[in-house]
Structure formats: C-alpha cells, structure tokens
Amino acid sequence: MTYPTRRSLLAGLGALAAMPLPKAFAQNDARIVIVGAGFGGSTAAKALKRLLPNASITLIDPSEQYVSCPFSNLILSGERTVADQTFSISGWGSEGINQITARADTVDPASRNVILEDGAAVPYDKLILAPGVSFRWDGLEGYTPEASERMPHAWKAGPQTVLLRRQLEEMENGGVVYMSVPAAPYRCPPGPYERASLIAHYLKTRKPRSKLIVLDSKTTFSKMPLFQYAWAELYPDHLEWISAADDGRVSRVDSRTMTLETDFDTHATSVANVIPAQKAATIAERSGVADQTGWCPIDAVSFESTLQPDIHVIGDAAIAAPMPKSAFSANLQGKICAIQIARIVAGLAPQPTRLLNTCYSYTAPGQAISIVGAYTNDGGIFQSIEGAGGISPLDAPSSLRAAEANQATDWFDAIISETFG
Ligand code: FAD
C-alpha cells in the first residue's frame, strides 16, 4: 500500500504553479464563480487562479472561518479543541481571488447568474458548486433542528461537536451513550465508526461503568473487519454495534424523553448522537442540479452537471461513487475540475484522468487504520481500478497503527495547508 505524503500532496497545487501555461490559458478572461469555500471549493479557486491568471475567479461562502470535520472526532475524546479545527477563509484577495462573504440563494442557469441572499446577481461563464451537504430533516420522525440541540448530530463540525463533547463530560459514570447511523450515502463513510472508537476510548478511560451502543441502519460498513477487530481488542466492555439486521435501524426519536425507537424496541439514552440522513446542500436543489436522490449527477471527466450546462459540481454534493464523500476526494476533485474548466474555456476537450482517495480513521488516540481507493473516469463514469488501492492489515502490531496515525496527522496538516493556507 502506498500513501500520499505531505510532499506529494503539496506537489498538487505547487505543480500547477510551476507548469508552463498554454497561451489560451494565460490570456483567458473567463468569469468563473465558485460557491462554497470548503475542501472542494477553496482548492478549485486556488487551482483556477494558477491555471487562468487573467480570469475572474470569485469565491462565495457565508462564513469567514471554516471548521474542519476531519479530525473533529478527536474533540470528542479530548485530544483536540474546536479552535484546533478552525481555519480562516477570509484572505483570498491576496491570491487574486474575488471573495464574497454571503450565502448564495439560488442560481439562474438561463441568464448564468448566482443570486445572493440580498438579491445581488453574480454573473458567470462557468460555475462550480461545492456546497457540501444538508440534512434531511424530514428523514427521521422526531428529529428536527430543535431536537438536535438535545441530541446533537455533530456531523457539521463546530458548536454541535462542542455540545456532544460537553454532554459526554457531564454524563454520570454508568450512563449509556447511543449513536444512530443513517443508511448510505452520507459524508465520510467510516466517520461514525471512528467516532464510535474514540467515544468508547473516552468511556473506557474516564467513565468505565458507561458504554456506547451504536444503532446502525446498515448491515456492513467501511473498514468493518478492521474496526471490529479493534473494538474486540480495545473496547469489549464499552462498545456494542447493532446492525440493521438485528433491529438497529432507528425509526423515531423523542428528544423530550431522550429515547430512540427501532422497529421492536425503545432505547433510553443518557447521551444520544443522532447522525441524520443527508443530501446535497440546499443551493444544489434550488439550482436544478440535484436529482430525485437529492444528490447531483455529473459527467465524471469534467464534473459538469448532467442536468444544467456550465455548472460543475464537486465534493460531497456530487454523485461520484465509488469515490467516497471525503475531504480527500473533494480536494482532488477541486484540482481536476479546475483543470477541465481551464481546458473547456480555452476551447480544449476535457481529458479522462485517474483519481485517488485515502481515508484514515483513528481506532484510539495515536492508533489509526486506512483505506486507499483508485478510480478511473473513462466514458464519464467513475469506476474503481481493480487491484489498485488497499487497506491496513487486520492483525498488525500497535507500532503499525501508530505509524498510520502519524501519516494521518501529516495528511491532515498537508490538506489544510494546501486548501486554506
Ligand atoms: P464542505 O467542506 O462541507 O464545504 C462546503 C462549503 O460550502 C461550506 O464552507 C459552506 O459554508 C458552503 N456553502 C454551503 N451552502 C452555501 C451557499 N448556499 N452559499 C455559499 N456557500 C455555501 N474526510 C476525509 O477525507 N478524511 C477524514 O478523516 C474525514 N473525517 C470526517 C469526520 C467527520 C465527523 C465528518 C462529519 C466528516 C469527515 N470527513 C472526512 C468528510 C469531509 O468533512 C467532507 O467530505 C468534506 O468536508 C467535503 O468537502 P466539500 O467541499 O464538498 O464540502
């Protein structure tokens, strides 16, 4: 198994900067607008400015700060703070990128304008939507934004993560923590199981009479044998996973009584982490690029929407399976989409590429496992490259898990520096 290193990841945008630009790129003055300054959108904006130095690149996001979900599970076990996860997204002017701090309300594809919340129109020749996910508040009976203030999802890092951590700290030793996991697709397939591991670690070390019960809407999950091996070894008394096949699917919640209901049972919780089902963020639906699944179908080579011309969708909002909805994917898609748009506005056809994803997950502080996938997009469809990629060995010494945890830290530092630095 090979891992992208800090150097090879940073080479991504560095290589773009060093590349001699074709004349059609260097002189191009296209107007390109990007909605969403997360892992996908910020990366795309920076890559486009390097590829098309004379183009007008505009990045729209309502916030001046970005709170990273990757590594946010470590807040729950006490290893990190929300301040460690917060990065400025306000300095794009110095990179020659126009920054608009506002929420995009909708898109008018006919006139090619992004309409902001105050009604202002931002015209584009090419638009990239990278808005991430929104929650399906109608997907689980009883789970409303108000209910999430008592039963936090913590699936968008920030105050919700802090709330869940505080609830764990305030819970009595002997309390029972529950986590409800939705059906796929959702952002970060292994994320709930990394979180389960780190909560179980916290309980084992700080509240040994407590326990975490994971109620799952699925019967299998990412890196399942590796997680289950680690759980049997590390948390036999502190973590129980209940599959959908064993009545694990939560169908109703009551935040007043702090109960979770499955088909045949009612579970009384001390702390309830309810991860709701998800879809592409609202702007995608309003722009006409989301289909009946709630996600955005795209051409896998150019990332252009198959529903609206001149709108490209990257990151969590896009349908890119078997690529997972991860920061790694969003960042790489941002770079590749930028290259394809530069080619298109210069009159060149987009070109098929190879893609990669690596997801690290902590099984305990200082111990991690990983999975690597490689993909083609030939013919406009994403497909896994059979035999490429890999997964951590099942029975490995803790020194290997520690080495992977170091690689995870290197990866996180590299992707943050490349995306927001
Ligand atoms: P986001 O990063 O969500 O960015 C979207 C941006 O769009 C936001 O800044 C938002 O403000 C903006 N936006 C939304 N709507 C509008 C609008 N209408 N107008 C203007 N701006 C708008 N991935 C990994 O690779 N590795 C990990 O270890 C990992 N761990 C995770 C752990 C957890 C607990 C979770 C929840 C996720 C984790 N992920 C991980 C997944 C990762 O966070 C997402 O896949 C990634 O953030 C997707 O990037 P994005 O650019 O598509 O969306």
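A polar contact is a pair of N or O atoms within 3.5 Å; within protein, one atom must be able to donate a hydrogen and the other to accept it, and residues adjacent in sequence count only if both atoms are side-chain atoms. The model is predicted, with pLDDT of at least 70 needed for local features and 80 or more for side-chain atom pairs, while totals for chains, interfaces and linings use all residues. Numbering runs from 1 along each chain as its sequence is written, and side-chain values use heavy atoms, with hydrogens and water left out.

View 1. A polar backbone atom of Gly 40 is 2.8 Å from an oxygen atom of the ligand. For Lys 325, a backbone N or O atom lies 3.4 Å from an oxygen atom of the ligand. The ligand taken alone exposes 1,000 Å², of which the protein buries 93% (Shrake-Rupley method, 1.4 Å probe; for residues, only the protein chains shown count as cover).

**View 2. The shell around the ligand.** Two or more shell residues come from each of α3 (39–51), β2 (56–61) and α9 (327–345); helices (H or I, at least four residues) and strands (E, at least two) are DSSP runs numbered from the N terminus. Helix α9 gives the largest share, three residues. There are 34 residues around the ligand, and Gly 40, Asp 61, Tyr 66, Arg 187 and Asp 316 come nearest; a residue is near if one of its heavy atoms lies within 4 Å. By class, the shell holds 20 nonpolar residues (Ala, Val, Leu, Ile, Met, Phe, Trp, Tyr, Cys and Pro), six charged (Asp, Glu, Lys and Arg) and eight polar (the others, Gly among them).

**View 3. Two cis peptide bonds.** Ala 184 and Pro 185 are joined by a cis peptide bond with omega near 0°. Pro 185 sits in the loop between β11 (176–181) and α6 (191–206). The bond from Ala 321 to Pro 322 is also cis, with omega about 10°. Pro 322 belongs to the loop between β19 (311–313) and α9.

**View 4. Backbone at Phe 71.** Phe 71 is not a glycine, yet its phi is positive, about 75°. Its place is the loop between β3 (65–67) and α4 (73–76).

View 5. Over residues 1–10, pLDDT (the predictor's confidence in each residue, from 0 to 100) stays under 50. The model has 24 contacts (heavy atoms within 4.5 Å) beyond four places in sequence for residues 1–10. Where pLDDT is low, the predicted coordinates should not be read in detail. For the chain, the mean pLDDT is 95, and 95% of residues reach 70 or more.
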